[in-house]
Amino acid sequence: MALEDMRSPIESGCPDGFQYMHPAMRKNFGQWKYHEHPRPGVLLHVAHSGDEIWTVKCATQRILDVFSLRTLMDIGDKFADGYIRFTLRSNIEYMVTKEAQVEPLIKAIEDAGFMVGGTANSVAMMSHTQGWLHCDIPGTDASGVVKAMMDELIDDFKECNMPNRVHITTSCCQINCGGQGDIAINVQHTKPPRINHDLVANVCERPTVVARCPVAAIRPAMVNGRPSLEVDEKKCICCGACFPPCPPMQINDPENSKLAIWVGGNHSNARSKPSFQKLVAAGIPNNPPRWPEATAIVKRILKEYKEGAKDWERINDWIDRIGWPRFFEVTGLPFTKYHIDNWRGARNSLNASTHIRF
Ligand code: SF4
Ligand code: SF4
């Protein structure tokens, strides 16, 4: 095909967000004077021009069905100004320019079965990753864990009664996108992968799989006269990284894939370095549909944090102040061998500052 006959590529990607913004936001972009938090779930921003914008935050289930989406859009058309935006934590935010619009909007949201909250010192909507819908490596159904836990934490979402903001995340695998929060619920595989040798030669690129292992536990091997792989089970840390490039290395298991809870993660900011999460509970049963064991641990941690932390302390600040021994004491969580990090490949401080290093 001649070059001139070839179709030019369609560039896709993130569209310009300005076209979707509420006109009052576009007009006052970068010109805000101050903001207030008049009630849980509502923010008021006041611009130098005198314009006001009231934002109402409403939780959604993240993976939205068409019916729910239409319901939420109808509310936006009828009670807000026809503009919405989604936050990183799957909340939908409606913007209105008059205070009188706020109460009818909240009533319409709640009448439709959705919750308003998640601002300031509340437990924000839990974030979770794509899971079964978009990804090939989930070890659990993160959406189910979120639903079960948020049902129990709903009062902490609707009211601002925590010492500071609490971000909770779930991650449906052990290695990738979840886990940036004050509390993270992640999968924990507890046994090495079981290899289906008949499929490896047809499905997997063996060098890629060998390269994925962080502890060099995978070696190429001939099994029954066919090229395959073998795992040194003494070295394997059961991370699951070999499963995405090689599904025949089956690591998911209803009995041996557990949940683990990590706490104290926080991003760096102008005043402090990032704080890394620490494992505080391991081997929790991955127990759908309500995950009662994991939920009970999260609630216990939140209870102690709420009672013990000073105003403005995030979970990592609270633990830094009281110390890890005291944390395990007050939460009643057992300290086990899983809490000792002896992974020899770990660097001492990882990338613990915002400064660029080469
Ligand atoms: S957490 Fe893991 S399994 Fe879940 S979407 Fe991200 S990469 Fe995929
Ligand atoms: S589970 Fe992780 S440590 Fe074990 S063989 Fe696979 S990549 Fe290596």
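1. The second largest cavity has a volume of about 60 Å³. A cavity here is a set of points, on a 1 Å grid over the protein atoms alone, where a 1.4 Å probe fits but cannot get out; grid points are joined across faces, edges and corners, and a volume is the space filled by probe spheres set on the points. The model is predicted: local features need pLDDT of at least 70 and side-chain atom pairs pLDDT 80 or more, while totals for chains, interfaces and linings use all residues. Residues are numbered from 1 along each chain as its sequence is written.

2. This cavity is lined by I137, C173, Q174, I175, H189, C239, G240, F243, I251 and N252 (lining residues have an atom within 4 Å of a point). Its lining divides into six nonpolar, four polar and no charged residues, with Ala, Val, Leu, Ile, Met, Phe, Trp, Tyr, Cys and Pro counted as nonpolar, Asp, Glu, Lys and Arg as charged, and the others, Gly among them, as polar.

3. The structure holds two cavities of 30 Å³ or more. Of its 14 lining residues, C213, I218, C236, C239 and C242 are the closest to its centre. By class, 13 residues of this lining are nonpolar, one is polar and none is charged.

4. The second largest pocket (an open set with protein on both sides within 12 Å along at least five of seven lines) has a volume of about 480 Å³. It is lined by 26 residues, of which L88, R89, S127, T169 and Q180 are the closest to its centre. Strand 6 (127–128) and strand 7 (168–171) each supply at least two lining residues. The lining has three nonpolar, 17 polar and six charged residues.

5. Five strands form an open sheet in the order 1-2-3-5-4, with antiparallel pairing. Strands (E, at least two residues) and helices (H or I, at least four) are DSSP runs numbered from the N terminus; two strands pair if DSSP finds at least two bridges between them. Strand 1 (32–39) and strand 4 (84–86) are at the edges, each with a single partner strand, so one side of each has no neighbour in the sheet. The twist averages 25° from one strand to the next.

6. Strand 2 (residues 42–47) and strand 3 (residues 52–59) run antiparallel and are joined by five bridges. L43 has T55 as its bridge partner in strand 3.

7. Helix 2 (residues 66–79) lies across strand 3, strand 4 and strand 5 (91–96), at about 15° to strand 5. Helix 3 (residues 102–111) lies across strand 1, strand 2, strand 3 and strand 5, at about 10° to strand 3. Contact means heavy atoms within 4.5 Å; axes are lines fitted to C-alpha atoms, for helices over the stretch in contact, and angles run from 0 to 180 degrees between N-to-C directions.

Notes
Chains lettered and ligands numbered in written order. Heavy atoms only, no water.
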